[in-house]
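Dear colleague,

Please find the structure below, followed by a summary of the findings. I would be grateful if you could read the two side by side.

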Protein chains: 2
Amino acid sequence: MFELRDRDGLGRLGRLTTPHGAVTTPALLPVVNPNQMIIPPKEMAAKFGAQVVITNAYILHRSMRERAFAEGVHRILDFDGPVMTDSGAFQQHVYGGVEVSNEDIVAFQRDIGSDIGTSLDRFSEPGHGLETAARDVEETLARTRRGAEIRGAMLLAGTVQGALFPDLRRQCAEELSKIDLAVHAIGGVVPLMESYRFRDLVRVIVAAKQGLRPDRPVPMFGAGHRLVFGLAALLGCDLFDSASYHKYARDGRLMFADGTRHVEDLVEIPCECPACSAAKIEDLQTDERLRAEHNLYASFAELRRVRQAIADGRLWEHVERRCRAHPSLLEALRELRRHNEFLERYEPLSRRGGFFFTGPETQHRPILHRYRQRVQERYRSPRRHLVMFPEGMRPYATVHRGTIAKVLATHDVHFLVKSAWGPVPIELDEIHPIGQSLVPDTLDAETLEALEVFAQHFLRGAGYEKGVLWTGPECLAELPTNGPGAFDVASARLRAVADFQFGRGAADALFSGKIETVTSKTTGKVRNVSRDGAHILSVRAEDGFYTLKTEGARILHAAFGRPRLRVSVEPDTAEFNRQGKNVMARFVKECDPELRPRDECLVVDESDALVAVGRTVLNREEMLAFDRGVAVQVREGIPS
Amino acid sequence: MFELRDRDGLGRLGRLTTPHGAVTTPALLPVVNPNQMIIPPKEMAAKFGAQVVITNAYILHRSMRERAFAEGVHRILDFDGPVMTDSGAFQQHVYGGVEVSNEDIVAFQRDIGSDIGTSLDRFSEPGHGLETAARDVEETLARTRRGAEIRGAMLLAGTVQGALFPDLRRQCAEELSKIDLAVHAIGGVVPLMESYRFRDLVRVIVAAKQGLRPDRPVPMFGAGHRLVFGLAALLGCDLFDSASYHKYARDGRLMFADGTRHVEDLVEIPCECPACSAAKIEDLQTDERLRAEHNLYASFAELRRVRQAIADGRLWEHVERRCRAHPSLLEALRELRRHNEFLERYEPLSRRGGFFFTGPETQHRPILHRYRQRVQERYRSPRRHLVMFPEGMRPYATVHRGTIAKVLATHDVHFLVKSAWGPVPIELDEIHPIGQSLVPDTLDAETLEALEVFAQHFLRGAGYEKGVLWTGPECLAELPTNGPGAFDVASARLRAVADFQFGRGAADALFSGKIETVTSKTTGKVRNVSRDGAHILSVRAEDGFYTLKTEGARILHAAFGRPRLRVSVEPDTAEFNRQGKNVMARFVKECDPELRPRDECLVVDESDALVAVGRTVLNREEMLAFDRGVAVQVREGIPS
């Protein structure tokens, strides 16, 4: 049903297959009111690029039940693409109750041919106390289980409830994951969005995602304002549905990237969409449909921006920028750091292109959380004395290169920069995201304070005998000359990156023997590494990490026991991987929990024989959950 | 020629009149290459809303001189709107020299009917040393003076040069201001933009603006990327010209709000402009003109966003958001605080709508710089003991109201919040921007640190005998009960706002006598204040400041001597102001240098007789410079 194509953060470019066609996610489902189609679904698709729409089965059930049975929902909407239906749960929230049972509304959705139906969950209000919320969850689960029994061929969505209680939300999600469902919605969040409680929204989404199996797409019910698309996508929401385009239009309001404006407040039309480009302000003031068109153009374009940002590996930057639109969104952004342990597990090893500082929140991104953990746990300095650059900014600006080489040759010292992201030993200054970073020259106090804390923390564990701040050559006076042996940054880099990427001990394993390197003529950087004549590693220019060759994989396989770096596959399929074919998720039996998306990995069979070497697409949780798609892109198969 | 219609920061919505029509500024002038018009000017106007175009007189001079003399530039471009011409100065930068003299090219522009011509200034490279740069300036000034002599009826632009030397830039600007010119360009900045030296760009613009007379529009030559429109407009640049839309299109690149992307990197079209909405990615990949159209749609829409932001009074927020697109822009944003003394003089008393925190840079906005200055210089606490709320966030959340009233009644204490913006005494929590602020609950360390510094600084000067942090009612134990007299926040507010707005002593002057207030039934807040039966002040709901009535104006006029709060007008026109007509800038003789845009002011004649009361549109520098437009909106004329 659902396949993951690309990713960034918890955000994913996916493909959801339905009986009426496939949908690229994240997707926006405009809400179509069957009684009042201001813009018909066919036009939604042709003009705005809508791939799927959502309509309310409860309204159909009340106002045109017989016709719906007779014609089906697709004919009523005059739309042959995918149609999702909602069950009336939101109407419970608005009106306090609905006049239909869960069984009736699920059966109704099934019988009118909905592609994705929804069981009638119990809307859990943010104000609900623990007991009420627990009952909401219990009732929602019971109804969803019953819905799954009678859903027929219809894909069914089960909704995570649990008010503002993270444990309850997670438990609800875990239980829902066991039910035969296709989609997991996050419910009860409209009141949070309406009152700008975006920090609570983040907590609710993260708790739900922690409990949900990762192979099912996640709609965020009622998320219709473009302001939240990026943030919700970053946290792994895949579908957004909303009537906002129409509701706002009715109230004379237009959605923009920085918020909503009433059309009466415009002196200019601050938009380039086709509706606005052809209009005068007076047209927008008098024409509700034109306003709805603007809101749709703006919403779908924002969704495309989010998808492009995922493909670019720049979703974090996109969200950090969007969250400046309102202080409550900034609050939500600042909340994310509290969930780094979870977020980091889904964060790819590296991303494409530059890595931009956008504000004090940037240093708390999961990728930097990981960097600081690894530099503490996996890095060991080859020398016992330290010279530290206090710039706090850029790792090793070019101006230092010559000086550094000279000092390393004459003194028994090592170099470290207190960068904006934390301490950076000189050997790690080319790996992602350190080497791809762009940071302002002057940093804010929060970043400066944090980098000082990170540096002190690192230094306490690093065991240097003596360290000085670089103030010029005179600072070397107190430090020993004539190091214990030749020190070459390029060789030290090979070792440090290996330990950082594969874990402590990798360097010792890989670099015993006769090591030779091939260096790029244009950049002067190492490109290939061979041991005793065999090519074991390549260094990727784009992120400074290694690509593992078969001979390198054999070394790590021998050096590290199970489950380290391994993806184990079903015996039947191992032979295909030996021939160089990718590892499909459905054939993965186990996976090293420390592997991250885009990590180099060893593909092994049941008996731990090495069958291939490749690069992960998914992390362990995902490999074990997904039935579709590629888990490991195999680079080299290893014939037996 | 140029009239100021609305403003925010140094940004201005203006109207520039030329022989071929008027232009609303800030405006974008697409560069049209007469030899290769990818999109003809007529289409520029019809499709994208271009009001004015720019073409290069040097190219015309070289490639079609005779035709240009015969037909004129408007016929060659087939455009009957305003046309500006550049002189070849940029070609000097690119090619090291040009084959035309200043006199020839100015006369040529005049003779081909250019609306706005440019003298051939000496392009001052960022790398020029002080001596070279001084010679650049000297030569530029000499050429501009000569150009002004022969310009005929053509409007002439003189360009500020001076490399990266602020004093030189300012001196050049001051000298140019004395020449008979219509427009002042900022030159030599393209290399700064090309190398993302936006901090230097800010320094150059500010230095130039400090020297330029404010009544002439300021083009920033070569500013064609939408990334910088907001920042440059905020600093008072009015015209942007660029060939970027076409250059980027030729290189396969598209401009977006967060930077430029190559069309080969797109998996989606992250844009809603008409060119993109109708296109597939392949169309954008193959069609250069389509890319140019996108770049124009995007650029003109960004200009409209900037103009709308000025009208909304939200240009600072707009710029703070846009500057997250690149760390070098963020660096530029962080530079602005160094120029607050200058920026504050142009900052209106208040703005419309909410005031949003977007990051640690927000607290350095000029309006907050002014707030902190005034609270130290103009505010005096009515009590000697202090209770401080340490939240650091929102002034006086509703929850405290009851408690505060009770404590004020029983104890001889006063209340202060350490807000994100600095110390806020309870009487000032409704004035702009304090009362209009939206701030996240959790603040970054830079903001927290700064607010602590501001609070300590304030406390040192405030002379409280004793102060405690609010930890609950128990913190009052050490403080004296039974204050020296009744204390009523509403009355104290009247006094504090008067001193803050008009200067120390205003409250003493205004509130001696029998004071009565009219309170809004809906908000419970004071709306009108009368003294001895005469209405002297109204309180504006939108910003918490006073509107001055005639009787209030008489009191302040008597209490404060010249030039305080005064705008002096020519004797001939005072009579019109007495009848309630607005004060036009050209009739202003003097103005209190402490008056800011949108300040309440006293309009007086030469003998200092009060002729009207109103609200300024301009500050002193502007009133004395502008020949057009309104200087003071008169609310009440005062018959003699």
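In what follows, buried means under 20% relative accessible area, exposed over 50%, and partly exposed in between (1.4 Å probe, protein chains only).

This is a predicted model, in which local features need pLDDT of at least 70 and side-chain atom pairs count only at pLDDT 80 or more, while totals for chains, interfaces and linings use all residues. Residues are numbered from 1 along each chain as its sequence is written, chains are lettered from A and ligands numbered from 1 in the order in which they are written, and side-chain values use heavy atoms, with hydrogens and water left out.

Backbone features

B:Asp532 is exposed, with a relative accessible area of 54%. This residue has a positive phi near 45° without being a glycine, and is placed in the loop between strands S21 (526-531) and S22 (534-539) of chain B. Helices (H or I, at least four residues) and strands (E, at least two) are DSSP runs numbered from the N terminus. A:Leu565, also not a glycine, has a positive phi of about 65°, but A:Leu565 is buried at 6%. Its loop lies between helix H24 (550-559) and strand S24 (566-569) of chain A.

In chain B, a cis peptide bond with omega about -5° joins B:Arg562 and B:Pro563. The bond from B:Thr25 to B:Pro26 is likewise cis, with omega near 0°; B:Pro26 is in the loop between strands S3 (21-25) and S4 (27-32).

A buried aspartate

B:Asp136, in helix H7 (residues 130-150) of chain B, is buried at 1% relative accessibility. Leaving aside neighbours within four places in sequence, its contacts (heavy atoms within 4.5 Å) are B:Arg122, B:Phe123, B:Ser124, B:Glu125 and B:His128. With B:His128 there is a side-chain to side-chain polar contact of 2.6 Å, that is, a pair of N or O atoms within 3.5 Å, one able to donate a hydrogen and the other to accept it within protein, where residues adjacent in sequence count only if both atoms are side-chain atoms.

Relation of the two chains

Superposed by least squares on the C-alpha atoms of residues with pLDDT of at least 70 in both copies, chain A can be laid on chain B with an RMSD of 0.0 Å by a turn of 180° and a shift of 0.0 Å along the axis. The two copies are thus related as by a two-fold rotation axis. Since 100% of the interface residues of chain A are also interface residues in chain B, the copies meet through the same surface.

Yours sincerely
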